[in-house]
Amino acid sequence: MVLVPPAITRLHALQKTASQIFMTTFNPTNARTGNKILKQRLKGPTVSDYYVRTNITVAKFVRGFNKMRERLIANNTVDERAIKPMVNFEEEQRIKENEVRRRRGKGPPKKGQGKRATSGKKR
């Protein structure tokens, strides 16, 4: 009795059925699908938890530093000239630009004199 190997189509059908039963992917052409990478655990949460989450801005830091400076001066711990107050140059520049705009009449209107208040009632 001579054993004949099964036909390729039958082997593919068997593999397809097995993949449906065991919930695996059926890939008869051995194409690269990236399943190996997709099955791995996500790295995002681990990486983001490694770094400290801070929501501090330059303005908050400057305010905190200046408050600390004032407390040290009030307690006579440090001379006033020893620590200079910190300045947020971006904020100072913004304030100066706003002052120039107001002088030219391009600043925000006073409360109650905006576009909606001057348009009148429509009926």
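These legends describe close-up views of a predicted model. Local features in this predicted model need pLDDT of at least 70 and side-chain atom pairs count only at pLDDT 80 or more, whereas totals for chains, interfaces and linings use all residues. Residues are numbered from 1 along each chain as its sequence is written, and side-chain values use heavy atoms, with hydrogens and water left out.

**View 1. The aromatic pair of Tyr50 and Tyr51.** A search of the whole structure finds 1 aromatic pair (ring centres of Phe, Tyr or Trp, the latter by its six-membered ring, within 6.5 Å; planes under 30 degrees apart are stacked, over 60 edge-to-face and the rest tilted). The ring centres of Tyr50 and Tyr51 lie 5.1 Å apart with their planes at 90 degrees, so the pair is edge-to-face.

**View 2. A nonpolar surface patch of Val47, Tyr50 and Tyr51.** Together these three residues have about 400 Å² of accessible area (Shrake-Rupley method, 1.4 Å probe); patch members have over 30% relative accessible area and no salt bridge, with nonpolar side chains joined within 5 Å and like charges within 9 Å, a salt bridge being a Lys or Arg side-chain nitrogen within 4 Å of a carboxyl oxygen of Asp or Glu. Tyr50, in helix α3 (residues 44-50), counts as exposed at 67% relative accessibility (buried is under 20%, exposed over 50%, partly exposed in between); helices are DSSP runs of H or I with at least four residues.

**View 3. A positive surface patch of Lys60, Arg63, Lys67 and Arg71.** Lys and Arg count as positive, their charges being placed at NZ and CZ respectively. Arg63 belongs to helix α4 (residues 58-74) and is exposed, with a relative accessible area of 51%.

Conventions: Helices (H or I, at least four residues) and strands (E, at least two) are DSSP runs, numbered from the N terminus. Buried means under 20% relative accessible area, exposed over 50%, partly exposed in between (1.4 Å probe, protein chains only).
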